[in-house]
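Here is a briefing for a reader new to this structure. Please look over the sequence and the model before reading on.

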Amino acid sequence: MTKVLVSDPIDQAGIDILSQVAQVDVRTGLPPEELKAIIGDYDALMIRSGTTVTAEIIEAADKLRIIGRAGVGVDNVDVPAATKRGVLVVNSPEGNTIAAAEQALALMLALSRHVPHAHASTMAGGWDRKKYVGNELYKKKLGVVGLGKIGSHVARVAKAMGMDVMAYDPYVSAERAQQMQVRLLPLPALFAEADFVSLHLPRTPDTENLVNAELLKTMKSTARIVNCARGGIIDEAALAEAVENGTIGGAALDVYAKEPLEAGSPLRQVKERLILTPHLGASTEEAQENVAIDVAEQIRDVLLGLPARSAVNIPGLNAEVMEQLKPHLQLAETLGQLLSQLAGGPISELEVRLQGDFAAHPAQPLVVAALKGLLSTALGDSINYVNASLEAKERGIHVLEVKDDASRDFAGGSLQLSCRNSQASHSVTGAVFAEGELRITTIDEFPVNVAPSRHMLFTRHRDMPGIIGQLGSLLGEHNVNIASMQVGRRIVRGDAVMVLSLDDPIPPSLLVSVHAINGIQEAHPVTL
Ligand SMILES: NC(=O)C1=CN([C@@H]2O[C@H](COP(=O)(O)OP(=O)(O)OC[C@H]3O[C@@H](n4cnc5c(N)ncnc54)[C@H](O)[C@@H]3O)[C@@H](O)[C@H]2O)C=CC1
Ligand SMILES: O=C(O)CCC(=O)C(=O)O
């Protein structure tokens, strides 16, 4: 029975989808040691930001195929450890965009009009209209840091409210900023000019403590800063001090370096001009339904053997690409399997050559598929699209990808894999014919035309009378049935290859006899 563990509160719509294909256990608030103890029973894990999936938990997850993060940030998942173990990580990149953007806008408005403090004062019996005079957003300068999905929505709404919007995002082009009518500025200039700064970038080693005491000092004393992105991007102690001392006008935070926010955090000591919310950016009914459906559908699909649309650890291999390239990926994988069995040992270099019309396809998914096939001979089922590149790197396989669109061998082009190791080099070429049929078209540069089959035998031999007959008789004597046979040669009575498709595998003892046939130089049984 396929089993899914849901370890954070998830909208019922997601649970209903998962229940179509699996037994779903909802167990929220599990301590890490308990999660580690039970994770071995599960094929899939669905989380929000409450569960931290460490390398230790992934190590204990013997059956786990997929981790689904119902949200954007996957910083609570050890993605490299999941990749190494071949566990797919998926998220919902867009399901909570609007919710998070609206939270940032709500906090900007609440800050500039002192909403929480005025409310608390009124509830406590006060009527203080003078103390809580605020500011308008209209005509103020907003600096958006991170002009991605959420930052762009904040920018759009802010413009509609009459704000002058600037942005800092080193990965956004001038054309895109121009389209959005946003001025791109360097970070120091943005902080110096802004009346409001709103952060919408990921937490990475580069962005940790990006907003530190030094940068805060460059802000106007009336400026306010909002962080609905990730904790750790702002130095919390420095921010508490800057708000307390009046270095800046105020701050609002939804996210913290350590969550839940520690009882002793200096932020909890600041009494005025600071608003804290407990990571509520994605907490709208709409967003929770969106992300739950988005991620549950992906988990369901992966458990049914279908591709996921938002995989975090196999970039470039989304569902659309997988579907379009299905036979081409299958060809790359088959050629990889074939090549590793021809090489018969460790490979130090793999060249993936996309020829003719094949060169129009994206190379990266085909390289991953070729590596999966290549490594599956040694690693079996533990190798998949998620960990193939990493495993190849760890084994020191140097991968070269070449696009040669001038080559015109077949209508749809062809794919050639070549490998080298200390002893020899081999190459195989294949093509996808009409109706998605796969063909092996060359072996070590010898032309053939063979449909791949489960059991095959490849030989290198001298092209001389009697050799084919002897091999046929030998296999017949051992009750190995030949389904088809192909011979490829470049010159008469020179070197040649033979490809036999067999109904049965070749026993090792028979292979010794095949090698003993006069004229046979190499014989490689292949199982696909
Ligand atoms: N508070 C909450 O509940 C939520 C928080 N988030 C967080 O919001 C953040 C933004 O999410 P999205 O807009 O969906 O992501 P996104 O990937 O669409 O946008 C992120 C942007 O940050 C930019 N960026 C990366 N490094 C940068 C740097 N050093 N300086 C400036 N910009 C940089 C990228 O180029 C990109 O344009 C993420 O950290 C996400 O985890 C997302 C949803 C809810
Ligand atoms: O699941 C949540 O509520 C947190 C959402 C979030 O931070 C994200 O999607 O990155």
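Predicted model: local features only at pLDDT ≥ 70, side-chain atom pairs only at ≥ 80, totals over all residues.

Residues are numbered from 1 along each chain as its sequence is written, and side-chain values use heavy atoms, with hydrogens and water left out.

**The six-strand sheet**

- Six strands make up an open, mixed sheet, in the order β14-β13-β15-β16-β17-β18. Strands here are DSSP runs of E with at least two residues, and helices are runs of H or I with at least four, both numbered from the N terminus. Two strands pair if DSSP finds at least two bridges between them.
- At the edges stand β14 and β18 (446-450), and each pairs on one side only.
- From one strand to the next, the twist averages 20°. Axes are lines fitted to C-alpha atoms, for helices over the stretch in contact, and angles run from 0 to 180 degrees between N-to-C directions.
- Strands β16 and β17 are antiparallel and share five bridges. Gly-430 has Ile-440 of β17 as its bridge partner.
- Helix α14 (residues 326-343) packs on this sheet and touches β13 (349-355), β15, β16 and β17. Its direction makes about 155° with that of β16. Contact means heavy atoms within 4.5 Å.
- Helix α15 (residues 363-379) lies across β13, β14 and β15. It runs at about 135° to β13.

**The five-strand sheet**

- An open sheet of five strands has parallel pairing and the order β2-β1-β3-β4-β5.
- β2 (23-26) and β5 (88-91) each have a single partner strand, so one side of each is left without a neighbour in the sheet.
- Neighbouring strands of this sheet are turned by 20° against each other on average, direction ignored.
- β1 (residues 3-6) and β3 (residues 44-47) run parallel and are joined by three bridges. Val-6 has Met-46 in β3 as its bridge partner.
- Helix α1 (residues 12-19) lies across β1, β2 and β3, at about 145° to β2.
- Helix α12 (residues 285-303) packs on the sheet, touching β1, β3, β4 (66-69) and β5. Its direction makes about 175° with that of β3.

- β10 (residues 224-227) is covered on both faces. Arg-224 and Val-226 are buried on one side, Ile-225 and Asn-227 on the other. Buried means under 20% relative accessible area, exposed over 50%, and partly exposed in between (1.4 Å probe, protein chains only).
- β9 (residues 196-199) runs parallel to β10, with four bridges between them. Ser-198 has Val-226 in β10 as its partner.
- β11 (residues 250-253) also runs parallel to β10, again with four bridges. Here Arg-224 is partnered by Gly-250.

**Nonpolar cores**

- The largest nonpolar core has 74 residues. Among those with the most contacts inside it are Met-46, Leu-88, Ile-299 and Phe-458. Such a core is a set of buried Ala, Val, Leu, Ile, Met, Phe, Trp, Tyr and Cys residues joined through side-chain atoms within 4.5 Å.
- Helix α15 gives the largest share of this core, nine residues.
- Beyond four places in sequence, Phe-458 touches residues including Leu-338, Leu-342, Ile-440 and Ile-443.
- A second, separate core has 32 residues, including Leu-199, Val-211, Ala-238 and Ala-242.

**Rings and charges**

- There is one aromatic pair. Rings of Phe, Tyr and Trp (its six-membered ring) pair if their centres lie within 6.5 Å; planes under 30 degrees apart count as stacked, over 60 as edge-to-face and the rest as tilted.
- Phe-410 and Phe-433 form this tilted pair, 5.6 Å centre to centre with 50° between the planes.
- Phe-410 is partly exposed at 30% relative accessible area, and Phe-433 is partly exposed at 27%.
- The charged end of Lys-3 sits over the ring of Tyr-42, 5.0 Å from its centre. Arg-490 lies over the face of Phe-446, at 4.2 Å from the ring centre. The rule asks for NZ of Lys or CZ of Arg within 6 Å of the ring centre and within 35 degrees of the ring normal.

**Thr-441**

- Thr-441 lies in strand β17. It counts as buried, at 6% relative accessibility.
- Beyond four places in sequence, its contacts include Phe-410, Thr-429, Gly-430 and Phe-446.

Terms used. Chains lettered and ligands numbered in written order.
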